[in-house]
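Morning, everyone. I have one structure to go through today, and I will keep it short.

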Amino acid sequence: MSELTDFLHTDEPKVLNFPEGVTHPSDPVSWALELFATNLPEADMQSRESPSVKQDSKLTYFDQKDPASFERFKQRIQNAQPVHGSLSLIDSCSGDGTIRDNADWARQVYENQFVQGLAECHPMGGYLRATMWASCGDHRYEAHCDLFDGFLLHMSGQKRVRVWPVPNKYRQRVIFNHRDFKGRMTSKPIDFELEPGQILYIPSGAMHEVIAHGEETAVSVSFHMGSPFPMLTLCTQLNMMVQGGKVSVPPYMKKIDKFNLFFFEPTRFIEKDRNPDDGMPDRLLKELSGVLQSKQVDLKTMRRMLSNWWRLAMSRPMYQGPYPERVGKLSGSV
Ligand SMILES: [Fe+2]
């Protein structure tokens, strides 16, 4: 495993230095502006009418279809007004996906730092998304949490990231969603002042808020990765294995929207010395079989199905992404 991917599935936020061999583009702000200029329709840009920390400062989104938006964005960057832009550079699921043409820097980091460790940690396949962020003028990106473990590689300017470590009661949940922002912010937050050349590791499910401050534009690239498995996709896959099984979840788990969807992270339960042929690890088996429902399948058969699914999942990339197929890709931060 590479140095960075050793941190996957760990629970504490941490600051690290860029590993040997990773340097950032020599002029990160120009690099970022160039990427925005050539990919404007796919970028996400927002500004605030007044700096910062003021909770009620109004957020305005730029119209990406209007070519003039780029100049307006650039001007705000040059004048250090509160502005923020992001652009997805890599979007890949189980090795299948897209890398933006002019994102060579991100591609190299992806290939040299993440590909191998991600495959080892997520043998069923995983999702990886790299996103470029540029912001300044005390722009505040509101508190939220992501489904994936994230590494924020910081390149220029100063960024203050406030992270609320995942409270214990959420760490212990086998089946989870990320709806309860308030509950996830009951831990004592930690403030990280990021300098260029540093990486912040933010565990999945940890709430965080980001403020770009100081004179210079803050440019960073995040790499989010993992294989949170939707309960609804598990049902679909189990029903393909047993004809007429009609395996389902309770109604409260059927809501399909970003924060109400329920997941489990199978790769967190991999035991080093356990042979996949021994079936699904006990704790996971108990929790899943306690929730899954079917009039046609008794508990013993359900457990056998789950163990068969586990054997398959540990031997091939059958991960399809964080959202059930019929939902498609949901917008917003991963
Ligand atoms: Fe985030």
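One cut-off before anything else: a residue counts as buried if 20 or more other C-beta atoms lie within 10 Å of its own. Keep in mind that what you see is a predicted model.

Where does Ala 103 sit? Its place is in the loop between strand E5, residues 96-99, and helix H3, residues 104-121. Is Ala 103 buried or exposed? There are 22 other C-beta atoms within 10 Å, so by that cut-off Ala 103 is buried. If we leave aside the neighbours within four places in sequence, Ala 103 is in contact with Leu 89 and Ile 90. His 122 is 19 residues from Ala 103 along the chain, and the C-alpha atoms of the two are separated by 25 Å.

Now the whole protein. Its secondary structure comes to 8 helices and 15 strands. The radius of gyration is 21 Å, close to the 20 Å from the globule rule for 334 residues, so the protein is as compact as a globular protein of that length. The C-alpha trace spans about 65 × 40 × 40 Å along the principal axes. Of the 334 residues, 41% count as buried. Take the contacts in the protein with a separation of 6 or more: 81% of them are accounted for by residues 24 or more positions apart.

Next, the domains. The assignment gives domain 1 as 5-226 and domain 2 as 229-315. Their C-alpha centres lie 31 Å apart. How many residues of domain 1 are in contact with domain 2? The count is 12 residues of domain 1, in contact with 17 residues of domain 2. On the side of domain 1 that touches domain 2, the residues divide into 6 nonpolar, 5 polar and 1 charged.

Last, one helix pair. Two packed helices are described by the angle between their axes and the distance between the axes. Helix H6, residues 231-241, packs with helix H8, residues 299-313, at an angle of about 100°, and the axes are 10 Å apart. That angle makes H6 roughly perpendicular to H8. Which residues meet there? From H6 they are Gln 237, Leu 238 and Met 241, and from H8 they are Met 305, Asn 308 and Trp 309. By class, this contact of H6 with H8 has 4 nonpolar and 2 polar residues, and no charged ones.

That is the end of my part.

Methods: Residues numbered from 1 in each chain as written. Predicted model: local features only at pLDDT ≥ 70, side-chain atom pairs only at ≥ 80, totals over all residues. Axes fitted to C-alpha atoms, helices over the stretch in contact; angles between N-to-C directions. Helix = DSSP H or I, 4+ residues; strand = E, 2+ residues; numbered from the N terminus. Parallel < 35°, antiparallel > 145°, perpendicular 65-115°, else oblique. Contact = placed C-beta atoms within 7 Å. Nonpolar A, V, L, I, M, F, W, Y, C, P; charged D, E, K, R; others polar. Rg over C-alpha atoms; globule rule 2.2 N^0.38 Å. Buried ≥ 20, exposed ≤ 12 C-beta atoms within 10 Å, placed from the backbone. Domains from an automatic or database assignment.
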